[in-house]
Amino acid sequence: MADAHGWWEGHEFATNVASSVTSLCFGVPAALLVFSHLGQAQEGAREKVQARAQALQAAAEFEAVLLAPFTVADLAQLQTSLQELSQALRATKEPDLDIDETNQRAGVFFNKLHVLLPSVEFARPYNGLRTMQRDRGQWEVMRKWQTQVQSQSRILDEEVRPRVLASGLTWLAPGQASDIIQAARWLFMEGRNPWKPRPQDRQGQPSPAAVSYFLADVTQLCDGAAALKSLSQ
């Protein structure tokens, strides 16, 4: 209407004020919306980068802790050694073996174990489970290692996993994640610890089942560490 009556002519100051007010009413809110969206996008991208960096660091620390007591260079070498040990242990349980063959195969197993995990007290390989259970120095090493493994597994599950998922990044499949937690929890439980016999075993021959469980638990932890490592590749 002001245009129709020519009111704006000679009222340049009012024109500028009106223009400024219009810009303020419509332009500023629009700009704030745009900047807010950009800020949120930048914050989301920054959180993704930080969550990924935390996940990579935690995975590397978990792998380093897992490898610590073993004489291997990397995770793949540990997995291979565990597989060879499991095969050697199964060979001692084959049916129809006489005592000499059983002892010979047990010697092969303990030699392989000594290469992978040298005793801190004995310069020679164990000659049986009873000798292994008397190695209190090695058990102290493994007990501390167990604490570190369980601590790192909790960090992965309680700190890293929620942040990674909240950032929209890929994490382990549920089964893989639970396998790590389970193996860390079961590590050296009663009946699964070759350095600590169960009360019912002390009067008789120690059961080789504890060694099998130990190898299975460490293998499961290795598989979880390998799955974590594959996320960064």
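The protein chain of this predicted model contains 7 helices and 0 strands. Along the sequence, the pattern reads α-α-α-α-α-α-α. Of the 233 residues in the chain, 33% are buried.

**Chain overview**

**Nonpolar core**

- The largest nonpolar core has 49 residues. Within this core, the residues that touch the most other members are Phe70, Phe109, Trp145, Trp171, Trp195, Phe214 and Leu221.
- Two or more residues of this core come from each of α1 (12–67), α2 (75–91), α3 (99–116), α4 (129–133), α5 (136–166), α6 (174–186) and α7 (209–231).
- Helix α7 supplies the largest share, with 9 residues.
- In soluble globular proteins, nonpolar side chains tend to be buried together.
- Leaving aside residues up to four places away in sequence, Phe70 touches Leu78, Leu116, Leu117, Trp145, Phe214 and Val218.

**Aromatic pairs**

- The structure has 9 aromatic pairs.
- One of the pairs is formed by Trp139 and Phe188, with ring centres 5.3 Å apart. Because the planes of Trp139 and Phe188 stand at 85°, and over 60 degrees counts as edge-to-face, the pair falls in that class.
- Trp139 belongs to helix α5 and Phe188 to the loop between α6 and α7, so this pair ties together parts 49 residues apart in sequence. Trp139 and Phe188 are both buried.
- Phe188 also pairs with Phe214, at 5.6 Å centre to centre. Here the planes are 10° apart and the arrangement is stacked.
- The pair of Phe188 and Phe214 links the loop between α6 and α7 to helix α7, across 26 residues. Phe214, like Phe188, is buried.
- A cluster linked by ring pairs is made up of Phe70, Trp139, Trp145, Phe188, Trp195 and Phe214.
- Phe70, Trp145, Trp195 and Phe214 from this cluster are also among the residues that touch the most other members of the largest nonpolar core.

**Charge over a ring**

- Arg124 sits over the face of Phe122. The distance from Arg124 to the ring centre is 5.2 Å.

Key: Residues are numbered from 1 along each chain as its sequence is written. This is a predicted model: local features need pLDDT of at least 70, side-chain atom pairs count only at pLDDT 80 or more; totals for chains, interfaces and linings use all residues. Side-chain values use heavy atoms; hydrogens and water are left out. A nonpolar core is a set of buried Ala, Val, Leu, Ile, Met, Phe, Trp, Tyr and Cys residues joined through side-chain atoms within 4.5 Å. Buried means under 20% relative accessible area, exposed over 50%, partly exposed in between (1.4 Å probe, protein chains only). Helices (H or I, at least four residues) and strands (E, at least two) are DSSP runs, numbered from the N terminus. Contact means heavy atoms within 4.5 Å. Rings of Phe, Tyr and Trp (its six-membered ring) pair if their centres lie within 6.5 Å; planes under 30 degrees apart count as stacked, over 60 as edge-to-face and the rest as tilted. A charge sits over a ring if NZ of Lys or CZ of Arg is within 6 Å of the ring centre and within 35 degrees of the ring normal.
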